[in-house]
Amino acid sequence: AYDAAPYLPDRGGLTALRRAAADCHGCPLYENATRTVFGSGPASARVVLVGEQPGDQEDRQGEPFVGPAGHMLRKALEEAGLDVAEAYLTNAVKHFKFTSAGPGKRRIHKAPSLREMTACRPWLTAELHVVGPEVVVALGATAGKALFGPSFRVTKDRGALIPLPPPGPGGRGSGAGGSPAGGPTADGFPAGREDTVYGLATIHPSAVLRADDRAAVYAGLVSDLRVAADALR
Ligand code: URA
Ligand code: SF4
């Protein structure tokens, strides 16, 4: 089965994870993409934002949310009162999936499959374990399913703070190990926060770019992000 787990380091922080993820062959998506686009931001971040997968610009530059959707997200975060520099930005899937079309071979984003999302999930789990945020924001359906399970519907449950399952088998810490007592974990990662961690789902910022009623869709994104910002006060 596709699985990133064998590529995860035994111990270390974000730097060790990023370095190991650069060589991940856990699913076939590494074959056509330029590079792994790992998460970015301080390990001390109180909020983690999770997108779907890197896009064309992210694949070229190696950083998440630096293309058009990223600009939209950064603008919305600022308007919601969240400092991007203090947030950790990442994706449910770490490689760009695309089809090439047209004479100029423009690369068109393709949604990752459930198998690819499941394969890549250990990286996100490890990032959440190391960062230990208070709030995790899922941007769009793919991130929502990665965080809350395959039956999650963004349209139904957006904008609400939902407690995430505690670390441990099958929970937030699954894949990277859990720490029931709060000390360093068996896998060598620092223990995450013991307090309740909240998840919140909203639309993907690219939905604003595609919408006819851009102003209204953008306002909805900002209002959801404000709920996350208020939870951090
Ligand atoms: N869309 C995403 O979901 N993530 C990125 O990093 C860029 C665009
Ligand atoms: Fe590994 Fe994820 Fe890339 Fe697949 S998409 S090769 S699991 S980093």
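Me: Why is K105 called exposed?
Reply: In this predicted model, K105 has 9 other C-beta atoms within 10 Å. A residue with 12 or fewer counts as exposed, so K105 is exposed. K105 lies in the loop between β3 (98-101) and β4 (106-109).

Me: What is said of the phi of K105?
Reply: Phi of K105 is near 50 degrees, a positive value in a residue other than glycine. F65 also has a positive phi, near 55 degrees, and is likewise a residue other than glycine.

Me: Is F65 buried or exposed, and how do you know?
Reply: F65 has 26 C-beta neighbours inside 10 Å. The cut-off for buried is 20 or more, so F65 counts as buried. F65 is found in the loop between α2 (56-61) and α3.

Me: Which residues lie around ligand 1?
Reply: F65 is one of them, and the others are G51, E52, Q53, P54, G55, E58, P64, G67, A69, G70 and N91. By class, this shell has four nonpolar, six polar and two charged residues. Gly is counted among the polar residues, which is how G51, G55, G67 and G70 in the shell are classed.

Me: What makes up the shell around ligand 2?
Reply: The shell around ligand 2 divides into ten nonpolar, four polar and two charged residues. Of the 16 residues there, C24, G26, C27, H95 and C120 come nearest. Helix α4 (residues 114-131) gives the most to this shell, with four residues.

Me: Why are α1 and α4 called roughly antiparallel?
Reply: Helix α1 (residues 14-21) and α4 pack at an angle of about 165 degrees, with their axes 10 Å apart. Angles over 145 degrees count as roughly antiparallel, and α1 and α4 are therefore roughly antiparallel to each other. Their crossing is left-handed.

Me: Which residues make the contact of α1 with α4?
Reply: L14, L17 and A21 in α1 meet W123, A126, E127 and V130 in α4. By class, that contact has six nonpolar, no polar and one charged residues. Glu counts as charged, so E127, which is part of the contact, belongs to the charged class.

Me: What makes α4 roughly perpendicular to α5?
Reply: α4 and helix α5 (residues 141-148) pack at an angle of about 70 degrees, with their axes 11 Å apart. The range for roughly perpendicular is 65 to 115 degrees, so α4 is roughly perpendicular to α5. The crossing of α4 and α5 is right-handed. M117, R121 and L124 of α4 make the contact with T142, K145 and A146 of α5. These residues divide into three nonpolar, one polar and two charged.

Me: Which residues of α3 and α8 meet?
Reply: A76, L77 and E79 in α3 meet Y218, L221, V222 and L225 in α8. By class, the contact of α3 with α8 has six nonpolar, no polar and one charged residues.

Me: Why does V227 count as partly exposed?
Reply: V227, which lies in helix α8, has 18 C-beta neighbours inside 10 Å. Buried needs 20 or more and exposed needs 12 or fewer, so V227 counts as partly exposed. Leaving aside its neighbours within four places in sequence, V227 is in contact with G159, L161 and L200. V227 and L161 are 66 residues apart along the chain, and their C-alpha atoms are separated by 7.7 Å.

Me: How do you know whether Y198 is buried or exposed?
Reply: Y198 has 20 other C-beta atoms within 10 Å. The cut-off for buried is 20 or more, so Y198 is buried. Y198 is placed in strand β7 (residues 198-202). Not counting residues up to four places away in sequence, Y198 touches E134, V135, L161, I162, P163, L164 and A231.

Me: How many helices and strands does the chain have?
Reply: The chain has eight helices and seven strands. Buried residues make up 45% of its 233 residues.

Notes: Residues numbered from 1 in each chain as written. Chains lettered and ligands numbered in written order. Predicted model: local features only at pLDDT ≥ 70, side-chain atom pairs only at ≥ 80, totals over all residues. Near = placed C-beta within 6 Å. Helix = DSSP H or I, 4+ residues; strand = E, 2+ residues; numbered from the N terminus. Contact = placed C-beta atoms within 7 Å. Axes fitted to C-alpha atoms, helices over the stretch in contact; angles between N-to-C directions. Parallel < 35°, antiparallel > 145°, perpendicular 65-115°, else oblique. Left-handed = near helix turned anticlockwise from the far one by under 90°.
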